[in-house]
Amino acid sequence: VILALLIDPHAAPEPEPEPDSETSAPTPANRRNRAWHGFVRAELVADAGLLPNVGVGPGLVGGVVVYRTTVELAATYLPTQSIPHGTRDVGELRMLSARLGVCQDLLQNPGLGPCLFGEYARLVGRGSGLDPARDVNGGLWSLLLAARVLVPFGTTFAWMLELGIGLPLSVAEFTVGMPGNAETVHETNGVVGRARTGIELRF
């Protein structure tokens with residue numbers, strides 16, 4: 001090697017260039033430290049205050065996280081419940097809702113912080129034992145305030161738990177009887193409770 005260098009000083013092998021971080025394949029650490037990522041989440045939702053009894057149903061959420069700020073759009077379905085009145089049921093109600101909002105992580109790993117949502121809920125029902133039977137529906141807007149904890153599992157999955165209250169901007173009523181002599185058998189509350197939990201898939 002010494003003789004070769006004396007004959008040709010350029011004969012020494014050049015060191016291999018280090019891989020370019022911008023063109024190399026992303027590693028789990030790189031994905032975790034990205035400035036943003038998208039997600040979808042399947043949820044189980046419990047609501048107290050909109051239906052006659054506590055409603056439990058599925059939800060689906062999609063959104064994006066930019067640094068510590070989450071923006072998400074969600075849909076929820078609460079199955080049909082009977083409306084009791086006296087000794088009999090006079091109808092049934094179910095709920096469909098859409099929600100748009102933002103959450104801010106004050107702590108990370110696990111994530112913990114407040115959320116603010118605007119929600120539109122549609123109550124759809126039908127009277128029973130009435131002649132004629134009538135389909136009814138009504139909608140109301142609500143502001144939802146919540147506290148959320150988000151526990152990641154690696155870089156792909158996370159578990160979410162959220163507890164909050166809703167402040168409806170109006171009241172929806174379900175009545176029976178003739179016009180001018182109607183009786184209210186169900187009325188949405190002025191404050192509602194909400195709990196949600198789910199598994200999140202990140203990409």
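Modeller: Strand β7 (residues 157-168) and strand β10 (residues 192-202) run antiparallel and are joined by ten bridges; two strands are taken to pair if DSSP finds at least two bridges between them. Within this pairing, Gly 166 has Val 192 of β10 as its bridge partner. The model is predicted: local features need pLDDT of at least 70 and side-chain atom pairs count only at pLDDT 80 or more, while totals for chains, interfaces and linings use all residues. Residues are numbered from 1 along each chain as its sequence is written, and side-chain values use heavy atoms, with hydrogens and water left out.

Strand β7 has two faces: Ala 158, Met 160, Glu 162, Gly 164, Gly 166 and Pro 168 form the covered one, and Phe 157, Trp 159, Leu 161, Leu 163, Ile 165 and Leu 167 the uncovered one.

As for the rest of the chain, the protein has two helices and ten strands, where helices (H or I, at least four residues) and strands (E, at least two) are DSSP runs numbered from the N terminus. Along the sequence they follow the pattern α-α-β-β-β-β-β-β-β-β-β-β. Of the 203 residues, 32% count as buried, that is, under 20% relative accessible area with a 1.4 Å probe and protein chains only, against over 50% for exposed and in between for partly exposed. Contacts are heavy atoms within 4.5 Å; among those between residues at least 6 apart in sequence, 57% join residues at least 24 apart.
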